[in-house]
Amino acid sequence: MLIDYLNNEILTSLTKTEQNILQYVYKNAEQVQNFTIRELGRALNVSTTTVLRFCKKLQLSGYSELKYLLKDFSPLVSSEIKKEPDTLQEITSLIENTLLLLREEDLEQVIDILESKKDLHLFCGGGISGTVLDYLEDLLFSIGRQGVYRYESARLAFHIAESFTEKDVLFVISTSGFYEQTLKMVNLATIKNIDTVAITPYTDNPIANLATINFRFFSKSHTNSTSEYHSRLPIFYIIDMIFKGYLLKKEAASDE
Amino acid sequence: MNNFFETVSTEKFNDTDFKILNYLEENPKKVASMRLKELAKILYVSDVTIIRFCKKIGLHGFNELKFQLKKLLSSFDYENFNLRKQVDQELVEFHEFLQSTDMNTVEKIVELLCGEYYVYIHGKDLSANAAKYFQIVLTTMDRRCILIDNMEFLKTVSHNMDQNTLLTIISTEKGEEYLDIVKSAKENQVTLLFIGEDDCLKLYPFIDFFLSNKNTGYSPRYLQVNAMILIQIIIEEYSKRTAIK
């Protein structure tokens, strides 16, 4: 797996361009598998040399090895697992991968929003993800953040969205990136030209494509006879990082 | 990571000592740059009280207290939020927490979940989300369970629980407020799981299983990731067990 080649040291050594390449490769793993190095360069507006340099930085022999590693990449498919990994090992790799691929600029942007006086509208469709959003709401309240609005009902949320102005920001979480009601909400926000912060998985999904600030997570799905469940733990970690960053900035600001 | 304050024994503490310790925990950075008189003024105690507190926790005086605080803070860099450093630290803490989780207890809990028990889950205030998450996910995996977030209702319902019940209480603290509930549940031979802070001494004689959600270092109390990790571990093990069947 590609992620096995990444560690914090390597990630720190990546330039902004290289980070973009990495993100792109993750989001579009399936397509990139069939891209030539020229096509990838074209998609990202970089030279083939840049792509090669990127591969070398990851300590790969070249572009072919990169494509080879992408072959097994299907983060949301709970395929037949050949070797049942240790429980703790699984949880660990999901968290590690999610945190290692967080981008500083995304974090900075969302912290700016939290620091501003804009109204935050929290929305998600599903039941389990709702708990994660409640957690975010709790954290914001716990530091006294004003203007935090949480919507359980989709109809109410759509109704409020009609009156969104540039003073509003939308926060959404979606485990699939496709959930209809959340997607509709993001669409409404886009029409009104307001910022949307979305937490979605590492696959190409419409919600992420519309959102202005994106956080991505890795998750594994469990399937039993009647339903499918994705671990939300990585999302809790993303929220924690956002929050800690916000806290630190506030502390630093209050000292001045 | 060396957290001096976690090793402090609060056995001989009086109310004032707890007040001081609490303030230190909530405002480490402020105190690290304060003068003795300033801290005394804020807490409405005398200089001597603070010195006495320092000696009680094994330090020579106020200067050494500030030194320990600064040591601690250098691992949580307030001045420059550096994402990579923060991620590193987060992962280190995460690994440490995982290593320290008692997997034996987790396995026993999963056994119970696989059995014919009534499962009740309670968490209020800051623990409410963890409790809700636990309940929703277990239900998704076809394990019925009942969520009670109101303590009064927990009291009334627990009166009628019997030995075929597993009651899980999630708390961010020592859970002393649950003492009566826990005692009466024990009389009914209810199996009790408590997820909370390490020194929940008063509850200890009555609970069957304990998992620590160690609020590490100086992360604010409202960050509940550790409780979520514990719940996730239980869920993963439960999922594995039921998949095999």
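1. Before anything else: two strands count as paired if DSSP finds at least two bridges between them. Strands (E, at least two residues) and helices (H or I, at least four) are DSSP runs, numbered from the N terminus.

2. Keep in mind that this is a predicted model, where local features need pLDDT of at least 70, side-chain atom pairs count only at pLDDT 80 or more, and totals for chains, interfaces and linings use all residues. Side-chain values use heavy atoms, with hydrogens and water left out, residues are numbered from 1 along each chain as its sequence is written, and chains are lettered from A and ligands numbered from 1 in the order in which they are written.

3. Now the sheet. Chain A has an open sheet of five strands, ordered β2-β1-β3-β4-β5, with parallel pairing. At the edges sit β2 (148-151) and β5 (213-217) of chain A, each pairing on one side only.

4. Look at β4 (residues 196-201) of chain A: five bridges join β4 to β5(A) in the parallel sense. A:P201 is found opposite A:F217 in β5(A).

5. Two helices pack on this sheet. Helix α8 (residues 104-115) of chain A touches β1 (119-123), β3 (168-173), β4 and β5 of chain A, and its direction makes about 125° with that of β5(A). Helix α9 (residues 127-142) of chain A touches β1, β2 and β3 of chain A, at about 165° to the direction of β2(A). Contact here means heavy atoms within 4.5 Å; angles run from 0 to 180 degrees between N-to-C directions, with axes fitted to C-alpha atoms, for helices over the stretch in contact.
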